[in-house]
Amino acid sequence: MPASHSCRLRKGRSSSPGYCYLITMVTASRRPVFRDYRHAASASRQFYAPAVVQHGDTLCYVVMPDHVHWLVQLKGDLSLLVRIYKSRVSIAVGKPIWQPGFHDHALRHEEELKAMARYVVANPLRAGLVSHITDYPYWNAVWL
């Protein structure tokens, strides 16, 4: 997606501290950067880096080979939070790896939150990467 288009997607939208968001970030050209366990482990650790935690609390995530799903409770600005996370992962990998922009969806109800967390965690199963979620190492959820 061209950068100008991804910016237009967010134009007129605001982020609301305290709300929970499902964020999806995709690698450039959908390259499977996170097939390398070092990169996937680093991307997983960055959710808990102080610079990231300052702007949002991670509820759950999954790092897939070419994208990341992240359920987060926002503390500040959503775009800033994503920019910090993507920057830290790119630095850890040693090069820019992300497609510009991101997709977000604000969740409004507790029931929707848990259903979305189940969706996030089950991603490796749906993709056929593993037959049991405990066999996939690059995910976490606060409910465990």
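The structure is a predicted model. Two elements, helix 5 (110–121) and strand 5 (139–141), each give two or more residues to this lining. The largest share comes from helix 5, which gives four residues. In terms of class, nine residues of the lining are nonpolar and two are charged, with no polar residue among them. The volume of the second largest pocket is about 170 Å³.

The chain as a whole contains six helices and five strands. Read from the N terminus, these elements follow the order α-β-α-α-β-β-α-β-α-α-β. Of the 144 residues in the chain, 47% are buried. When contacts between residues at least 6 apart in sequence are considered, 67% of them join residues at least 24 apart.

Packing between helices was examined for helix 2 and helix 4. Helix 2 spans residues 37–46 and helix 4 spans residues 78–93. The axes of these two helices come within 9 Å and cross at roughly 150 degrees, and the crossing is right-handed. On the side of helix 2, the contact is made by His39, Ser42, Ala43 and Gln46. Helix 4 contributes Tyr85, Arg88, Val89, Ala92 and Val93 to the contact. Sorted by class, the contact between helix 2 and helix 4 comprises five nonpolar residues, three polar residues and one charged residue.

Thr27 is placed in the loop between strand 1 (20–26) and helix 2. The relative accessible area of Thr27 is 0%, so this residue is classed as buried, the cut-off for that class being under 20%. With residues up to four places away in sequence left out of the count, Thr27 touches Val33, Phe34, Asp66, Ile97, Trp98 and Gln99.

Technical notes
Residues are numbered from 1 along each chain as its sequence is written. This is a predicted model: local features need pLDDT of at least 70, side-chain atom pairs count only at pLDDT 80 or more; totals for chains, interfaces and linings use all residues. Side-chain values use heavy atoms; hydrogens and water are left out. Axes are lines fitted to C-alpha atoms, for helices over the stretch in contact, and angles run from 0 to 180 degrees between N-to-C directions. A crossing is left-handed if the near helix is turned anticlockwise from the far one by less than a right angle, and right-handed if clockwise. Contact means heavy atoms within 4.5 Å. Ala, Val, Leu, Ile, Met, Phe, Trp, Tyr, Cys and Pro count as nonpolar, Asp, Glu, Lys and Arg as charged, and the others, Gly among them, as polar. On a 1 Å grid over the protein atoms alone, a cavity is a set of points where a 1.4 Å probe fits but cannot get out, and a pocket is an open set with protein on both sides within 12 Å along at least five of seven lines; lining residues have an atom within 4 Å of a point. Grid points are joined across faces, edges and corners, and a volume is the space filled by probe spheres set on the points. Buried means under 20% relative accessible area, exposed over 50%, partly exposed in between (1.4 Å probe, protein chains only).
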